[in-house]
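Open the model in your viewer and switch to a cartoon view. We will go from the whole chain down to a few side chains.

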Amino acid sequence: MSWDPNPVPRALRCWSLRRASETALQSSRRAVEDQLKIRGHKRDADVFELFLSKKELTEVIDLSRFKKLKYLWLHHNKLHGITFLTRNYCLTELYLNNNAIFEIEGLHCLPSLNILLLHHNELTNIDATVKELQGMLNLKILSLYQNPLCQYNLYRLYIIYHLPGVELLDRNQVTEKERRSMITIFNHKKAHIVQSIAFRGKVDASWGPKSPFKQKPAQRVPSDFGFANNVDKTVFDDPEDAVFVRSMKRSVMTLTSMNWNTVPTREERYLEEEGTEPAQMLTVTLR
C-alpha cells in the first residue's frame, strides 16, 4: 500500500483540478446560452449553428441536446479533446482549428460531416487519426496541416490513400497524379508486379507511418564509376527506396500522329459540304 507523506497538498491538487473543470464547463455553458439569446432561439430543436470561437474555452458542455445542429465553430480556443460531440448526427461542418487538441476520439460518431478543419493542433498519432476519420463517407474537405503528424514522410499520400473520398486536403485539391502515386506506393496488389519488373525480383513497396518511407543514409560510389552525366549515383540500401525514386523520376513521352479515321477520302473531299470538321490529331502520353 502506497503512503503519501504529504496528503494535504495532494488533496488540494485534486480539488483544484475538479474546481478548474467545473469553472471551464460553466464558462462553456454561459457561451452557449449567450449564443442562444443572440440568435433568439427558445427551443433546442431550432438550433442549426453555434458560434463558440475565440471564447478561451478549455472544455465544452455536452451538445447532444441540439439534435439538428449542422454548423459548429470552435476554432481559436484551448480545447484538448472533443468528447462533447457524440450524438450530433446532423453535423456537416466542424471548425476545430487553432486549439490544443491531441486526440479526436468520438468523431466517428458524426457520419454527416462534410467539412472538418483541424489544422494548428497537437495531433501526433496518424494511425489513430485516420482510424477515427475512415467511417466518414461524406467527408470532402479536411485540413490537418500544422500538426505534428504532418512530419511523417509521405503524410499527404497516406491520408489520401486511407480517406479516398476527400477532395480538398490542407487547402489543396487532391489531384489524379496523387491518386496514382498513392496506388503505386500503398496498394501492394496493384503496384507490386509493375514496380518489381525493373529489378528482376519482387520487392515490398508498402509503407507504414511508424517506419516512414525515406531514403536511408546513402553510400557513394567512386567518382570514376560512371553511368551517365545526368544519372544520380546514390546507392540505396533497400530496393524499395530505389523503386520509389525510379517511379517518381520517369520521364514522360508524348506521341502525336494524325487520326486517319478523320481524314476524308478523295471521293469524300469531292462531295464535301461546308461545315465539315477538319482532320484531328491523336496524342498518347506514356510514362
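Contacts across the sequence come before any selection. Among contacts with a separation of 6 or more, 41% join residues 24 or more positions apart. Keep in mind that this is a predicted model.

Now colour by secondary structure. The protein has seven helices and eleven strands. Of the 287 residues, 34% are buried.

Hide the surface and look inside. In soluble globular proteins, nonpolar side chains tend to be buried together. Here the largest nonpolar core has 50 residues. Select L63, L72, L94, L107, L116 and L142, which have the most contacts inside this core.

Zoom in on L63. Leaving aside residues up to four places away in sequence, L63 touches V32, L50, L72, F84, L85 and N88.

Last stop: select residues 155–162 (helix 3) and 176–186 (helix 4). Their axes lie 9 Å apart, at an angle of about 90 degrees. The two helices are therefore roughly perpendicular to each other. Show side chains where they meet. From helix 3, pick R156, L157, Y158, I160 and Y161; from helix 4, pick E178, R179, S181, M182, I185 and F186. Colour this contact by class, and you will find seven nonpolar, one polar and three charged residues.

How values were computed
Residues are numbered from 1 along each chain as its sequence is written. This is a predicted model: local features need pLDDT of at least 70, side-chain atom pairs count only at pLDDT 80 or more; totals for chains, interfaces and linings use all residues. Side-chain values use heavy atoms; hydrogens and water are left out. Axes are lines fitted to C-alpha atoms, for helices over the stretch in contact, and angles run from 0 to 180 degrees between N-to-C directions. Helices (H or I, at least four residues) and strands (E, at least two) are DSSP runs, numbered from the N terminus. Angles under 35 degrees count as roughly parallel, over 145 as roughly antiparallel, 65 to 115 as roughly perpendicular and the rest as oblique. Contact means heavy atoms within 4.5 Å. Ala, Val, Leu, Ile, Met, Phe, Trp, Tyr, Cys and Pro count as nonpolar, Asp, Glu, Lys and Arg as charged, and the others, Gly among them, as polar. Buried means under 20% relative accessible area, exposed over 50%, partly exposed in between (1.4 Å probe, protein chains only). A nonpolar core is a set of buried Ala, Val, Leu, Ile, Met, Phe, Trp, Tyr and Cys residues joined through side-chain atoms within 4.5 Å.
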